[in-house]
Amino acid sequence: MPVALVTGAAGALGTAIARRLTGDGHQVALNDRPGRDVSALAAELGGVAAPADVSDPAAVEAMVGDVERQTGGYIGILVAGAARLTVAPFAEHDLDDWWRIIDVNLGGTFACAQAVLPGMVERGGGRMVLISSEWGLIGWPDATAYCASKAGVIALTKSLGRELGPLGIAVNAVAPGAVDTPLLEVDAAAAGVSVARIRSQYVGRTPLGRIASPEEVAESVAFLADARLPTLLGQVLHVNGGTTRARA
Amino acid sequence: MRERVALVTGAASGIGAAMVRELAGRGWTTAGLDLAPAEDAHHSVGVDVADPAQVSASIRRIERELGPIEAALCAAGHYALVPVSDIDWGEWRRMLRVHLGGVVNVCKAVAPGMVVRGEGSIVAVTSDLAIGGGHAEAHYAAAKGAVIGLVRSLAVELAPAGVRVNGLAPGPTDTPLLSANSPWRRPSYVQTLPAGRLTAPEEVALAAAFLVEDATFCTGEILSPNAGAVI
């Protein structure tokens, strides 16, 4: 079984994905930025820790080499979920922070895809699951950079789906809606309300009447990572309880 | 414990037959509706899905004999390549009655029970042609597009009851629906697909099983195992 590299693995969603892929029999390499320690989780799951700032292409390349040395395997699955979310009114958003979000969420996804590509090409196949967001499809106030980055991930998925499909590499995306993770605190603080209040607002606009658990988003990632689906490529799977209903 | 019952239309061949095999392999009891005998299904009923009375009567009987239907998968369909000016009213009507009517008839029969039980999953097979359009298959694309509208609407309507409704939009799939001389089988076309080959019915069935069993937060979603035909 090839190694599965999961970026943003210290977060609630990344952790759930890492557990799910481990359950499927994959050895996992867990990436997060230095300072967000994933070594305990790696030890628990029998995987390896792969710290790196994904917005630094040289660091990403070194990290991929390090994973391949540590595991003796190659990365056949990439789950690119490392993301930064800060919110601010557009006119007031600090430009450096604005670009930092793009560099991590979109640039980091690009860097990871580029770094694992030679190994996948050499082995004649692989699967990439890029984590987008419902907000990348519908937009959201005070989250212009995040939404732009996640919309960019969708376009990247579609382009790489076309470009890498002939090489046997299937690139797809998962676009979750509201997920029950500590990231809700960022949304709540931005809206100036409690986490309970923001949760009930999200529940209220979701046809299924609840928000997602990290585990059910991880289930969708595992589905798109399934090697038995070579003709599923270039697609965006919306896991949002029916908020967008397959729009684009 | 009662076994989980799945209803599959178009179960005698192609995608429907693959769905039956996939779900049976996962422990489901399968009931197949088709004009032809569904040999892989545990229970096969000869039915024209375009006929509401036949569909509701057969579903009532299946639920009486096997138990409540927890998953309904609508794969029944036919396909024809006809330039728009040559599509006569009979062909147009038949295309809509089978594809759109087939889903409507099944949903009318199974949804009320699912709503009462507070669980259930409906999967309708639509097509990449409903999203990207196609040449000389306007009636097929229109019928499949209407199925997408129905899926999105039922998804909203049934979500509060915990019933999920999703669609599958396969690309050209290697089934009897594509004749041996179909332009969709020509190497010159197939090589334009990013995956470089037709979709296998088993892959569509895997996607269907995912929607039924694992996609617990997906409703109104259209999943496209299409070899990259529409991205």
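Some conventions before I start. Residues are numbered from 1 along each chain as its sequence is written, and chains are lettered from A and ligands numbered from 1 in the order in which they are written. Since the model is predicted, local features need pLDDT of at least 70 and side-chain atom pairs count only at pLDDT 80 or more, while totals for chains, interfaces and linings use all residues.

Confidence next. The predictor gives the complex an ipTM of 0.89 and a pTM of 0.93. For chain B the mean pLDDT is 96, with 99% of its residues at 70 or more; pLDDT is the predictor's confidence in each residue, from 0 to 100.

Now chain A. Chain A has nine helices and seven strands, where helices (H or I, at least four residues) and strands (E, at least two) are DSSP runs numbered from the N terminus. The radius of gyration of chain A is 17 Å, close to the 18 Å from the globule rule for 248 residues, so chain A is as compact as a globular protein of that length. That radius is taken over C-alpha atoms, and the rule is 2.2 Å times the number of residues to the power 0.38. Along its principal axes, the C-alpha trace of chain A spans about 50 × 35 × 35 Å.

Of the 248 residues in chain A, 54% are buried. Buried means that 20 or more other C-beta atoms lie within 10 Å of the residue's own; exposed means 12 or fewer, partly exposed is in between, and C-beta atoms are placed from the backbone. Contacts are defined by C-beta atoms, placed from the backbone, that lie within 7 Å. Among contacts in chain A between residues at least 6 apart in sequence, 69% join residues at least 24 apart.

On to chain B. Chain B contains seven helices and seven strands, and from the N terminus its elements run β-α-β-β-α-β-α-β-α-α-β-α-α-β. Its radius of gyration is 17 Å, close to the 17 Å that the globule rule gives for 231 residues, so chain B is as compact as a globular protein of that length. The box filled by the C-alpha atoms of chain B is roughly 50 × 35 × 35 Å along the principal axes. In chain B, 54% of the 231 residues count as buried. Residues 24 or more positions apart account for 70% of the contacts in chain B with a separation of 6 or more.

One helix pair in chain B. Two packed helices are described by the angle between their axes and the distance between the axes. Helix H2 (residues 52-66) and helix H3 (residues 89-117) of chain B pack at about 35°, with their axes 8 Å apart. Axes here are lines fitted to C-alpha atoms, for helices over the stretch in contact, and angles run from 0 to 180 degrees between N-to-C directions. On the H2(B) side, the residues that meet H3(B) include B:Val55, B:Ile59 and B:Glu63; on the H3(B) side, those that meet H2(B) include B:Val106, B:Ala109 and B:Gly113. By class, this contact of H2(B) with H3(B) has six nonpolar, three polar and two charged residues. Ala, Val, Leu, Ile, Met, Phe, Trp, Tyr, Cys and Pro count as nonpolar, Asp, Glu, Lys and Arg as charged, and the others, Gly among them, as polar.

Then the contact of the chains. How many residues does each chain give to it? Chain B gives 29 residues and chain A gives 29 residues. On the chain B side, helix H5 (138-158), helix H7 (201-214) and strand S7 (222-223) each supply at least two residues. H7(B) has the largest share of that side, five residues. The side of chain B that touches chain A has 17 nonpolar, eight polar and four charged residues.

B:Ala207 is in helix H7 of chain B. Is B:Ala207 buried or exposed? B:Ala207 is buried, with 28 other C-beta atoms within 10 Å. Leaving aside neighbours within four places in sequence, B:Ala207 is in contact with A:Leu232, B:Leu168, B:Leu223 and B:Pro225.

Last, backbone angles. Most residues other than glycine have a negative phi. A:Asp142 has a positive phi of about 65°, and A:Asp142 sits in the loop between helix H5 (134-138) and helix H6 (144-164) of chain A. With 17 C-beta neighbours inside 10 Å, A:Asp142 counts as partly exposed. B:Ala136 also has a positive phi, near 65°, and lies in the loop between helix H4 (128-132) and H5 of chain B. B:Ala136 is partly exposed, with 15 other C-beta atoms within 10 Å.

Technical notes
Two residues are in contact if their C-beta atoms, placed from the backbone, lie within 7 Å.
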